[in-house]
Amino acid sequence: MHANDTNKIIYPELSYIVTGLCFEVQKDLGRFSRERQYCDVLEHKLKSRGISYEREKIITAGDDEEIKGNRVDFIIDGKILLEAKSLPYTTKQDYFQAQRYLKATNLKLAMIVNFRSKYLKPKRIVNNLI
């Protein structure tokens with residue numbers, strides 16, 4: 001890895017588009033809807049823009065393909081793992097969850113989006129193991 005590589009933003013164009021869609025979702029629904037509602041509207045917006053995604057994808061726990069783990073809210077364009085939240089605030093556990101999901105899916109980038117936040121600030125988590 002070169003010194004300049006650490007300053008590069010992973011998937012800048014796609015991240016920008018996804019972040020914009022999340023702002024639209026929050027504008028449409030406000031701050032106090034349920035997580036499922038936010039995901040439904042985000043799914044509609046992804047479809048309408050022709051962005052490929054997988055919703056509620058089941059990922060395996062650890063290295064055993066037989067053990068089904070958790071469900072990821074979205075994997076967008078096979079690149080970005082997005083976890084939607086509707087909480088008063090996000091916690092360290094949310095970050096740890098995203099890191100586990102990144103490891104399990106072997107993806108480079110996760111975004112945690114808490115739609116209840118007054119000022120929407122998607123959190124980017126990078127998989128340092130890749």
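## Cysteines

Cys39 is buried in this predicted model, at a relative accessibility of 4%. Cys22 is buried as well, with a relative accessible area of 0%. The closest cysteine sulfur to that of Cys39 belongs to Cys22 and lies 9.2 Å away, too far for a bond. Seen from Cys22, the closest cysteine sulfur is in Cys39, again at 9.2 Å. A disulfide requires the two sulfur atoms to be within 2.5 Å, and the structure holds zero disulfides.

## Nonpolar cores

The largest nonpolar core has 20 residues, and those touching the most other members are Cys22, Leu42, Ile76, Leu82 and Phe115. Two or more residues each are given to this core by helix 1, helix 2, strand 2 (68-76), strand 3 (80-85) and strand 4 (109-114). Helix 1 supplies the largest share, five residues. Another core lies apart from this one; it has 11 residues, including Val72, Leu102, Leu107 and Ile112.

Cys22 is in contact with Leu42, Leu82, Val113, Phe115 and Leu120, when neighbours within four places in sequence are left aside.

## The loop between helices 1 and 2

Ser33 sits in the loop that runs between helix 1 (12-29) and helix 2 (35-48). Ser33 is buried, its relative accessible area being 12%. The side chain of Ser33 reaches back to the backbone oxygen of Leu29, at 3.3 Å. Not counting residues up to four places away in sequence, Ser33 touches Tyr38 and Ser86.

## Salt bridges

The structure has 10 salt bridges. One of them joins the side chains of Glu56 and Arg36, with an N to O distance of 2.7 Å. Because Glu56 lies in strand 1 (residues 53-60) and Arg36 in helix 2, this pair ties together parts that are 20 residues apart in sequence. Both partners count as partly exposed: Glu56 at 32% relative accessibility and Arg36 at 46%.

A further salt bridge links the side chains of Lys57 and Glu54 at 3.5 Å, N to O. Lys57 is partly exposed, with a relative accessible area of 30%, and Glu54 is partly exposed at 37%. Glu83 and Lys85 also form a salt bridge, their closest N and O atoms being 3.9 Å apart.

How values were computed: Residues are numbered from 1 along each chain as its sequence is written. This is a predicted model: local features need pLDDT of at least 70, side-chain atom pairs count only at pLDDT 80 or more; totals for chains, interfaces and linings use all residues. Side-chain values use heavy atoms; hydrogens and water are left out. Helices (H or I, at least four residues) and strands (E, at least two) are DSSP runs, numbered from the N terminus. Buried means under 20% relative accessible area, exposed over 50%, partly exposed in between (1.4 Å probe, protein chains only). A polar contact is a pair of N or O atoms within 3.5 Å; within protein, one must be able to donate a hydrogen and the other to accept it, and residues adjacent in sequence count only if both atoms are side-chain atoms. Contact means heavy atoms within 4.5 Å. A nonpolar core is a set of buried Ala, Val, Leu, Ile, Met, Phe, Trp, Tyr and Cys residues joined through side-chain atoms within 4.5 Å. A salt bridge is a side-chain nitrogen of Lys or Arg within 4 Å of a carboxyl oxygen of Asp or Glu.
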